[in-house]
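Welcome, and please get your viewer ready. We will go from one selection to the next and look at what is there.

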Amino acid sequence: MTAQKSTHGSGNALDVVGDVPVRLEEVIDREALVEMCRSMQSLFGIGVRVYSADGALLANVASDLDICGLVNDSSQGRVACGATVSAAKSVDPGDDGDVVHACFTGLAYRIVSLDYEGRRIGRIVLGPYAPAGLREPPETLARTVPKLDVIQSTTRLSAVARVKPEALGRIAHHLKTTLELIIFSSHKAYVTSKLHLYSVRESYRALEEKTQRLEQAHSKLKELDRLKSDFLGTVSHELRTPLTSIIGYSEMLAEGIAGPLSKEQADFVGTIHGKGEQLLGLIMGLLDLSKLDSGTMSLRQASMQIAPTLQEVISTVAPVAKKKGVELVLDDDGVACELAADAERLRQVFVNLADNAVKFTPKGGTVTIRARVADGGASDDDDEGGAVLLAPVRRVVVVTVSDTGIGIPSAERNKVFDAFYQVDSSSTREYGGTGLGLSIVKRIVEAHGGTVVISANEPGGTVFTVTLPSAQARRTLPSRLPPADRT
Amino acid sequence: MQLNFAAREVAIKLVYYGPALSGKTTNLKALHQLVQEKSRGRLMTLETKDDRTLFFDMLPLVFKADSEHGSMNLRVKVFTVPGQVVHASTRRLVLQGADGIVFVADSQLAETENNAASFLDLRANLKELGRSISQVPLVIQFNKRDLPNIRTDVEIDELAQRGKEPVMKACAVTGEGVLESFFGLLDRTWKRLDEEHDLKDKLGLRPEAFLAMAAASLGHAGQATALASAFIGGARMPGTPPSGGTVR
């Protein structure tokens with residue numbers, strides 16, 4: 001009748017948050033119940049039986065009364081006794097939940113109900129006991145078991161202790177209250193543990209759903225990222241083709257192949273050519289970026305030294321620096337350490353960094369490229385020990401490119417590696433550039449198993465520190481670094 | 001609702017919902033105190049050390065009602081949910097199968113946002129269970145009327161006129177407004193169940209008679225209509241009794 005859609009697996013929680021009848025068998029420990037009934041029996045000398053609502057006997061602690069033994073000696077008595085006991089078991093304790101059931105021996109049973117949350121969940125049968133007014137065997141005894149020895153039965157019956165109804169009522173009430181309290185406590189414990197279980201299950205379900213949604217979103221994003229890279233690659237490629245013609249023809253024009261140009265015409269063609277080259281640079285950058293992103297850029301890694309590459313970098317950037325009045329210093333201190341790297345790509349990295357440094361350094365400033373070899377220093381797995389063995393193979397080449405320019409606020413330092421990012425969009429206008437360079441730098445360095453970080457150059461300016469693992473490090477610690485032979 | 005024709009038994013589930021520390025358990029404790037002993041079961045509270053509700057509280061109320069078809073057992077189980085945000089899954093579990101809801105709001109101005117958040121949480125949880133809040137009988141109780149810095153009576157009265165739900169003002173620690181909220185909800189819940197399941201014919205019990213009997217069994221004979229109509233708002237004309245029934 002519960003007209004409710006159960007949307008998930010925890011719908012069965014209704015067994016604790018609904019109104020499911022409590023079963024005595026389920027909330028009570030039988031051995032403990034028997035123990036308790038035995039203690040009641042030894043205290044008051046009256047037998048105790050506990051039945052569940054559907055008549056199952058859960059505890060049976062009977063007193064061996066002599067009179068009962070006598071009656072049971074005769075076959076008629078045995079039959080009559082059995083009938084009385086089963087009647088006592090099924091008699092309805094009525095609305096009051098308390099009734100007396102008489103035995104043919106003159107003894108009696110007191111039957112009280114066990115109730116929980118307004119439902120009858122079982123009954124207690126106390127007895128047989130001798131009611132306070134019982135003096136001699138009633139005629140029902142002689143009638144039911146005619147062959148019984150009258151003297152013996154009278155003696156044995158009088159040996160049974162007499163119990164006043166009020167006293168028995170108090171005993172019954174005590175037992176009922178105690179049992180009901182136990183039922184409440186164990187039902188409470190049952191509900192708590194069940195609900196705990198359901199709550200955990202429900203939380204797990206909610207988390208699982210969320211994880212699934214996140215996974216879907218993640219794979220969608222990955223797919224989008226791939227599409228973006230593909231798009232960039234295709235577009236760059238398609239753009240480059242016509243641009244090559246523009247550059248080629250403007251070059252031919254400038255060279256006068258199509259006839260002499262006036263000075264003004266030559267200027268215009270020069271601008272077209274210059275801007276074409278600039279555009280080509282940008283497109284090449286985009287292409288590199290998309291290749292790096294999609295993992296299709298091939299690094300031609302070979303054994304190399306950093307010093308000659310840095311020399312080349314200096315000679316490439318020198319004209320621009322000179323024009324701007326920025327001093328360019330190389331300090332490689334004869335650094336010698338074998339790298340397994342793509343020399344052309346590393347040149348691109350340092351040209352980019354040096355070019356950037358010059359761009360953001362005002363006239364009269366200095367850009368310094370400094371190279372050193374260092375022991376790998378601290379590593380993530382230092383906790384695992386063995387530093388004395390591992391440090392020598394963790395040698396790295398550290399190249400810093402420092403300038404005395406405008407600097408980068410610390411909060412922005414990690415973002416500059418994002419593609420198309422510039423600290424302040426106004427700097428694009430002032431200093432030019434697309435914001436592509438550093439993201440390419442980072443990707444190339446990482447593809448070599450290295451790192452690039454930014455720090456401040458006191459009192460002003462920026463230091464880019466590129467750390468490249470030695471060829472030996474990449475051979476011996478392959479798990480933490482991309483392998484050196486990657487192509 | 002669980003309807004057992006064979007046992008002539010109707011079980012209704014009412015849930016007290018609301019933000020953390022708004023006084024849901026206090027409501028239930030007060031209700032336990034305010035109803036006659038013979039009609040109530042033990043109050044089951046599942047609390048942590050610092051008196052915060054861990055899973056729920058539950059108070060069973062059981063009474064007999066005489067209908068045209070004979071005597072029957074009415075069982076009303078009143079639950080509270082744990083208010084703390086972390087117990088979201090438990091709230092949803094306890095909410096299952098609810099026939100009516102008392103939303104216990106904290107009157108303190110500082111709690112305005114928590115009240116709203118908890119109400120949205122209730123809506124979301126019902127939706128998750130495949131039910132809409134408009135289908136579930138609901139009353140709103142503004143608790144803690146005795147505290148300073150609370151939303152004023154005038155403000156609540158004005159707001160109540162704008163909303164659809166009956167609004168009660170209460171101070172659960174003193175028991176004020178507790179019975180009104182309970183009977184207000186019980187009345188609405190039974191009427192809704194009557195509409196849905198035609199209890200009038202099936203059980204031979206009219207809503208007014210049910211409410212009057214419930215009140216009498218819980219020790220508040222003759223006060224049913226007064227208690228159930230002590231609210232403001234609820235999209236009814238002022239002065240119209242909610243059930244149109246007579247006080248017995």
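Which residues in α4(A) and α7(A) meet each other? Select A:Asp66, A:Ile67 and A:Leu70 in α4(A); they meet A:Gln152, A:Ser153, A:Arg156, A:Leu157 and A:Ala159 in α7(A). A contact here requires C-beta atoms, placed from the backbone, to lie within 7 Å. By class, this meeting place holds four nonpolar, two polar and two charged residues. Ala, Val, Leu, Ile, Met, Phe, Trp, Tyr, Cys and Pro count as nonpolar, Asp, Glu, Lys and Arg as charged, and the others, Gly among them, as polar.

A word on the ground rules: this is a predicted model, in which local features need pLDDT of at least 70 and side-chain atom pairs count only at pLDDT 80 or more, while totals for chains, interfaces and linings use all residues. Residues are numbered from 1 along each chain as its sequence is written, and chains are lettered from A and ligands numbered from 1 in the order in which they are written.

Now show the two helices whole: α4 spans residues 66–73 of chain A and α7 residues 150–159, and they pack at an angle of about 145° with axes 8 Å apart. The axes are lines fitted to C-alpha atoms over the stretch in contact, and angles run from 0 to 180 degrees between N-to-C directions. Helices (H or I, at least four residues) and strands (E, at least two) are DSSP runs, numbered from the N terminus.

Next, pick residues 98–102 and 108–116 of chain A. These are β3 and β4, paired in the antiparallel sense over five bridges; pairing calls for at least two DSSP bridges. A:Ala102 has A:Ala108 in β4(A) as its bridge partner. Between the strands of this hairpin are five residues, and there A:Gly106 takes a positive phi near 100°.

Move on to where the chains touch: 22 residues from chain A and 27 residues from chain B take part. On the side of chain A, α1 (14–17) and α8 (165–254) each supply at least two residues, with the largest share, nine residues, coming from α8(A). That side divides into eight nonpolar, nine polar and five charged residues.

Finally, colour chain A by pLDDT, the predictor's confidence in each residue from 0 to 100. The average is 83, and 87% of the residues score at least 70. Over residues 1–11 of chain A the pLDDT is below 50. Where pLDDT is low, the predicted coordinates should not be read in detail.

Definitions and conventions
Two residues are in contact if their C-beta atoms, placed from the backbone, lie within 7 Å.
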